[in-house]
Amino acid sequence: MDTPDDHALLVQRWRAGDETAGEEIILLLYPVISRIVRLHLPRRDDESDLVQEVLMKTFSRLHQFQGTAPLTHWVSRIALTTCLDRLRAQKARPEVRWSDLTPPEAELFDTTWLEGRTASAENAIEARDLVEKMLAGLPPQDRSLILMVDLEGRSLEEISQLTGWSLSKVKMRLFRIRGHLRKLIENWGERR
Amino acid sequence: MKSKEDMMWESLLAKSAPTFAGEATPPYGLTTRILSAVREQQQQQAAWERMGLRAIFASLAAVVGIALLTFVRHDPDDLDPAVKSVALVENVQVS
């Protein structure tokens with residue numbers, strides 16, 4: 001059920017009026033769309049609206065699906081461009097200062113600073129909030145870029161293809177983002 | 001070599017990774033809601049297409065009708081009223 005041919009057949013069934021094929025398409029695509037939306041949208045934003053928007057776009061463009069790649073890959077692109085369009089409308093928020101951190105976030109920063117690389121599964125929510133605060137001062141598209149590279153492990157070429165940005169633009173932005181994050185962490189480390 | 005700041009960033013990202021994971025199944029009611037919205041959209045689109053086709057056919061019929069009336073009822077002796085009155089006054093032979 002994961003090959004492009006299977007997916008093409010599924011789309012064909014849907015286009016022929018098979019309602020169960022529509023349900024199968026949603027069940028197949030939902031985890032992919034949910035993951036992409038959650039990754040690219042800041043945590044406080046409403047993700048269910050965006051998931052629905054991506055699904056509606058997907059169904060309205062299903063006639064364009066060629067069946068040369070799995071449906072999930074094809075939808076990833078729609079989901080990503082929808083997220084980037086939404087982010088384009090948002091503005092970068094002011095940079096978060098050390099004094100803006102909550103006590104649990106400041107404590108987590110301290111322990112991670114001392115622990116170095118050791119990552120534990122505990123404090124995932126606080127870690128996420130801390131990550132969001134670190135990324136808050138960046139333009140929204142830069143936020144997406146660093147997460148695609150560092151969290152999803154996507155290659156720069158892949159990102160260039162997905163976003164339509166040139167490879168040198170991707171590299172330059174990434175260099176700038178890393179510099180920004182280093183400076184921010186250094187400042188926070190000094191002010192502890 | 002990675003700096004302490006880079007390692008700090010990687011560590012925090014690794015800790016927060018589970019919160020970035022998507023949901024495996026859609027929430028209750030989403031599938032039905034999406035499918036009915038899609039069907040409604042398709043019906044609307046089909047209705048617009050039908051209306052567009054009807055408008056095109058109606059325009060074509062009007063053009064054909066006017067063309068027929070113009071060419072079928074054309075009489076070479078049927079002059080413009082002004083020309084006709086001049087011809088009558090001057091007694092010009094029109095053939």
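I number residues from 1 along each chain as written, and chains are lettered from A and ligands numbered from 1 in the order written. The model being predicted, local features need pLDDT of at least 70 and side-chain atom pairs count only at pLDDT 80 or more, while totals for chains, interfaces and linings use all residues.

**Interface.** I looked up the contacts (C-beta atoms, placed from the backbone, within 7 Å) and found 29 residues of chain B touching 37 residues of chain A. On the chain B side, α1 and α2 (30–72) each give two or more residues; helices here are DSSP runs of H or I, at least four residues, numbered from the N terminus. The largest share, 16 residues, comes from α1(B).

**One helix pair.** Next I checked α5 (residues 103–115) of chain A against α1 (residues 4–20) of chain B: their axes come within 9 Å and cross at roughly 120 degrees. Axes are lines fitted to C-alpha atoms over the stretch in contact, with angles from 0 to 180 degrees between N-to-C directions.

**Helix α2(B).** Last, I tested its length: at 1.5 Å a residue (times one less than the residue count), its 43 residues should span 63 Å, and the end C-alpha atoms, 62 Å apart, agree.

Notes: Contact = placed C-beta atoms within 7 Å.
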